[in-house]
Amino acid sequence: MQRRGPTAGTFAARWRGAVPWLVAVLATAAVVATAPAADTGGSTARQVLGGEQLRIMAPASPGGGWDQTSREMQSALRDLIGRSEVYNVSGAGGTIGLSQFLRHRGDPSQLMATGLIMIGAVGTNGTPHDVSETTPLLRLTTDFQVVVVPADSPIRDLDGLVAAMRADLPGVSIAGGSAGGAEHILAGLMAQAIGGDPARISYVAHSGGGEMLSTVLSGRATAGISGFSEILPQIEAGSVRALAVSSARRLPGLPDVPTLREGGVDVELENWRGVVAPPGITAQEERALEELLVEMTRTPRWQEALRRRGWGDATLAGPEFEEFVRAEQERVNRILDEIGLG
C-alpha cells in the first residue's frame with residue numbers, strides 16, 4: 001500500500017487592507033473578475049484522468065451490495081465528472097475480480113468496490129492476491145446483516161431457528177454470499193454462540209444477493225443471511241420474514257426486528273464497503289481520486305442513497321483508511337481461524 005502526504009485543502013482568499021477606500025474597491029473588483037474558481041476534487045480528477053472515462057468494477061453479480069455501491073457511486077459522480085461505467089466480475093467473494101483488477105496497474109481511471117467480504121474470501125480461499133496489493137482510497141459505508149426465512153417457513157422467530165440449529169446443526173442450511181464473507185462469518189459466529197461447532201454449519205455460498213434469495217425462496221435453504229440494503233425490499237414485499245439483525249441496536253428500517261443479542265445469541269457484526277485504485281498510480285493521482293470521492297460523499301445524491309439504502313456513513317480516507325484495511329485483515333483472519341473457516 002502506498003503512503004503519501006496530507007490531502008490538499010481548498011484555497012482561501014486573503015484580502016489586503018491599509019489602502020485608500022477607492023483603490024480597495026477597484027482592487028477587489030479586479031480580483032473578483034479575474035481570480036479562478038477554487039479547485040475541486042472533480043476538476044482535479046478530470047485532469048488526472050486525461051479524458052479517460054472512469055470505470056468502476058463491482059466484483060460480484062448484479063443486485064448485491066458491491067453492485068449497489070458501485071451504481072450509487074456512478075450516480076453521485078455524474079455531476080462531478082460526467083459519465084462513468086460500472087461493470088460486474090463475479091465469483092469467489094470478489095477474489096476473481098481482484099485478480100483481474102490488479103492487471104490495471106498504474107491506471108487511475110480504474111476503481112473497484114471492496115470490503116470485509118473480499119478480505120474474508122481471501123482468507124478462506126487462499127488466493128494468491130489480497131487487498132493490500134491495491135491502493136486503498138476511501139471507506140464508504142457500513143451495513144448490517146439480516147437473518148431471514150421464507151415467509152411460509154415453520155420457523156417463526158429467532159428462538160425457533162436457534163432450537164433447530166441446536167437439534168441438528170448440519171441439517172439447518174443457511175444461504176448467503178461468498179465463502180468467507182460477512183454472511184458466512186455471521187453464520188459461524190451464531191453457531192459458536194449457541195454452543196455448536198462452526199465447522200459443521202451447512203453454508204450455501206452464492207456470488208450475489210439475487211442467487212441467495214432464489215435459494216431461500218425455493219426452499220433449498222432453511223434460512224438466509226443478507227445485507228440490510230439487499231434484503232429490505234423482499235422483507236417489505238412479504239416474501240421473506242426477518243428474524244434478527246446483526247447490529248448492536250435495532251435498525252430504524254426494521255424497528256420490530258430484534259438484534260441477535262436480544263434473542264440470546266451474543267453476536268454483533270458490521271459489514272463495510274469501500275473503494276480502491278490499482279497499484280502503481282502516482283501520489284498525485286491518488287490524492288485526486290481521494291478528493292473526488294470525498295467530494296462525492298457530500299453530494300445530495302450520495303446522501304440520499306445512504307438514507308434509501310440504510311447504509312451508515314463511514315467515510316475514511318488517506319493513511320487512516322490504509323491502516324484500517326491492515327487491521328481488518330488481521331481481525332477477519334483471526335475470526336476465521338477461531339470459527340474454523342480459515
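Predicted model: local features only at pLDDT ≥ 70, side-chain atom pairs only at ≥ 80, totals over all residues.
Start by selecting residues 116-125, helix α5. Seven of its 10 residues are buried, so the helix is largely enclosed by the rest of the structure. The buried ones are Leu116, Ile117, Met118, Ile119, Gly120, Ala121 and Val122. To see what surrounds them, show α3 (65-81), α4 (95-101), β3 (110-115), α7 (182-193), β9 (270-277) and α12 (318-338), against which these residues pack.

Next, turn to the salt bridges, of which the structure holds 13. Select arginine 55 and glutamate 85: their closest N and O atoms are 2.9 Å apart, in a salt bridge. Arginine 55 belongs to strand β1 (residues 54-58) and glutamate 85 to strand β2 (residues 84-88), so the pair ties together parts 30 residues apart in sequence. Arginine 55 is partly exposed at 24% relative accessibility, and glutamate 85 is partly exposed at 29%.

Move to arginine 261 and aspartate 266, whose side chains form a salt bridge with an N to O distance of 2.6 Å. Here arginine 261 is partly exposed, at 43% relative accessibility, whereas aspartate 266 counts as exposed, at 58%.

Finish at helix α11 (residues 300-309), where arginine 308 and glutamate 304 are four residues apart, about one helical turn. The two form a salt bridge, with 2.9 Å between the closest N and O atoms. Arginine 308 has a relative accessible area of 42% and is partly exposed; glutamate 304, at 33%, is also partly exposed.

Definitions and conventions
Residues numbered from 1 in each chain as written. Heavy atoms only, no water. Buried < 20%, exposed > 50% of the residue type's maximum accessible area, 1.4 Å probe, protein only. Helix = DSSP H or I, 4+ residues; strand = E, 2+ residues; numbered from the N terminus. Contact = heavy atoms within 4.5 Å. Salt bridge = Lys/Arg side-chain N within 4 Å of Asp/Glu carboxyl O.
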